[in-house]
Amino acid sequence: MKYSINKSFLLGLLVTFFSCTDLAEEPVGLLAPEAFFNTASDVQTVIMGTYADIASEQFYGRKLVLSLQLRSDMCDIGDRNTPARRQQVNDFNMDSNNGMITAFWPRAYRIIGTANAAIAGADIVGTEDEAVMALKAEATFIRALVYYHLVRVFGDIPYIDFTIANPDDVKDIAKTPEAEVYQRIIADLEFAKANLVDAHSSGARSRATAGTAASYLASVHLTLGNDQQAYDEAKFVIDNKDRFGYGLMEDFAELYDGFNADGLAEHIFMVDFAAGLNGTSSQGTDWMGPITGIRSVFLPNTNAGWSVSVPAFTVFETWDDRDYRKEVSFIDSAFADAELTQPIGYEEFAPNHGSPRPHIGKYFRLAGNHRGDSGQSDNNYSAFRYAEILLIAAEAAINLGRNDEAAGYINQIRARARNWNGTMTDFPPDVTVAEDLTQVVREERRLELAFEYKRWYDIKRWQIGSEVFTGANSLEPHDNFDASRDYFFPLPQDELDRNANLLPQNPGY
């Protein structure tokens, strides 16, 4: 809910002294943990700082999530006048100086550093107190969450699980192998699952719970091909959905209404922005509305966008018009005038900017108090929602030969998709076990989670990059996609220049 994340912006300003701007430069400031932590409230203050940085421009407000969105086969660059760093991510020709990675890498380690400080603080205050133990588990979850992004993007990375009191402690740090990073993520998530609360008193979905940790455990195990463990964790969440307050929203569109999307049952974990409440280091700054919005046209609830990350036209063209999720996920009509009297179709979108195609609707149509290119929104980004846990359970069940059960999970999602804002339809139909369920669940993930920063990770874990970018049925063709290089981003060159122990660079860069 807004209360929790808003508070994080205010309190987050107090804790930047625990974080480093990168792995070797001078910290923002230094303060020994034992001089700060005296109560559980102090630990919570620092944890709120991590949430503030997650909801920052460098992370969920643009840099990280835009990189994931553009890297997929669902989005393309619309306006080619946008900075080259974005085009390079999209076009598979980035280098190690790319401005996207040099922004979200240090922010990621700043979040990790703050989480490590909170963990140390909890130990100082005393984890025999159940509330303090729960706070330690919350910080541990946040550390796992950020490393889960980093390891999938970069592979081998520096793993830091201690507070940095002296920059010399990390100036020569080496990379930790990818497999070991995953095992540490799993250990953190298991600890979090065992010690986190089932729900927060405020009802916040922007703070982690035991259900959140279990859901991410299911995702991590699925990524690693541990089908039984992925199934077990997903089934745990499903079987305990009432305990955690989870469920599918009746109307798919409810998930993307920034005016009224707090505390939704479907949100297992969400990143909450609030217009008008910002920190001193881009906390609360959300540019994904205008980045995906439409240039030079008008909508009732917003002003101009930038037409940067737009759907590949084939994505729109091949999506069945009978699917309500298509209606919600795209904007295909608008107005040519601010008075909203001259309706136009997508053929007239972004005149003079090369983007006459449908645009993404999820983050621009109803972004709350967002009014164009101001960096302000009330968007609640679904980092993880109950529909995904059903899809994880289905995919793992298919891999384990439990097709009947898998079909049931998929059909729950399809049943919701048949509800057009209160009018029930007959599309999409229920899936049957006679179908190729592996392909069904993959396609269901692509459509259900469209533009939600999941597709690139799916392409990578299924190793289908060559198929989706160079194959005959490519939605967004890129003939230069190289499977030996492009499943990982390059490590930031400035980090390698400061610390030779981070070499070698990822292959192909």
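This is a predicted model: local features need pLDDT of at least 70, side-chain atom pairs count only at pLDDT 80 or more; totals for chains, interfaces and linings use all residues.
User: Why does the radius of gyration agree with a compact globule?
Analyst: The radius is taken over C-alpha atoms, and the globule rule is 2.2 Å times the number of residues to the power 0.38. The C-alpha atoms fill a box of roughly 60 × 50 × 45 Å along the principal axes. For 509 residues the rule gives a value near 23 Å, and the chain agrees because its radius of gyration is 22 Å.

User: How many helices and strands does the chain have, and what percentage of its residues count as buried?
Analyst: Helices (H or I, at least four residues) and strands (E, at least two) are DSSP runs, numbered from the N terminus. They come to 19 helices and 10 strands. Buried means under 20% relative accessible area, exposed over 50%, and partly exposed in between, with a 1.4 Å probe and protein chains only. Of the 509 residues, the buried share is 61%.

User: What share of the contacts with a separation of 6 or more comes from residues 24 or more positions apart?
Analyst: A contact means heavy atoms within 4.5 Å. Among contacts in the chain with a separation of 6 or more, residues 24 or more positions apart account for 72%.

User: Is Tyr216 buried or exposed, and which residues does Tyr216 contact beyond its neighbours within four places in sequence?
Analyst: Tyr216 lies in helix α8, residues 210-224. Tyr216 counts as buried because its relative accessibility is 6%. Leaving aside neighbours within four places in sequence, its contacts are Phe141, Leu145, Tyr148, Leu189, Phe269, Ala383 and Phe384.

User: Where does Phe384 lie, and how far in space is Phe384 from Lys454?
Analyst: Phe384 belongs to strand β8, residues 380-385, and counts as buried because its relative accessibility is 1%. Not counting residues up to four places away in sequence, Phe384 touches residues including Tyr216, Glu266, Phe269 and Lys454. Phe384 and Lys454 are 70 residues apart in sequence, while their C-alpha to C-alpha distance is 9.6 Å.

User: How many salt bridges are there, and what is the N to O distance between Glu57 and Arg62?
Analyst: A salt bridge is a side-chain nitrogen of Lys or Arg within 4 Å of a carboxyl oxygen of Asp or Glu. By this rule the count is 41. Glu57 and Arg62 are both buried, and their side chains meet in a salt bridge with an N to O distance of 2.7 Å.

User: Which residues does the cis peptide bond with omega near 0° join?
Analyst: Most peptide bonds are trans. A cis bond with omega of about 5° joins Leu503 and Pro504, and Pro504 is in the segment after α19 (493-498). Pro428 lies in the loop between β10 (423-424) and α16 (437-448). The cis bond with omega near 0° runs from Phe427 to Pro428.

User: What is the phi of Leu340, and where is Leu340 found?
Analyst: Most residues other than glycine have a negative phi. Leu340, which is not a glycine, has a positive phi of about 60°. Leu340 counts as partly exposed because its relative accessibility is 29%. Its place is the loop between β5 (333-335) and β6 (343-345).

Methods: Residues are numbered from 1 along each chain as its sequence is written. Side-chain values use heavy atoms; hydrogens and water are left out.
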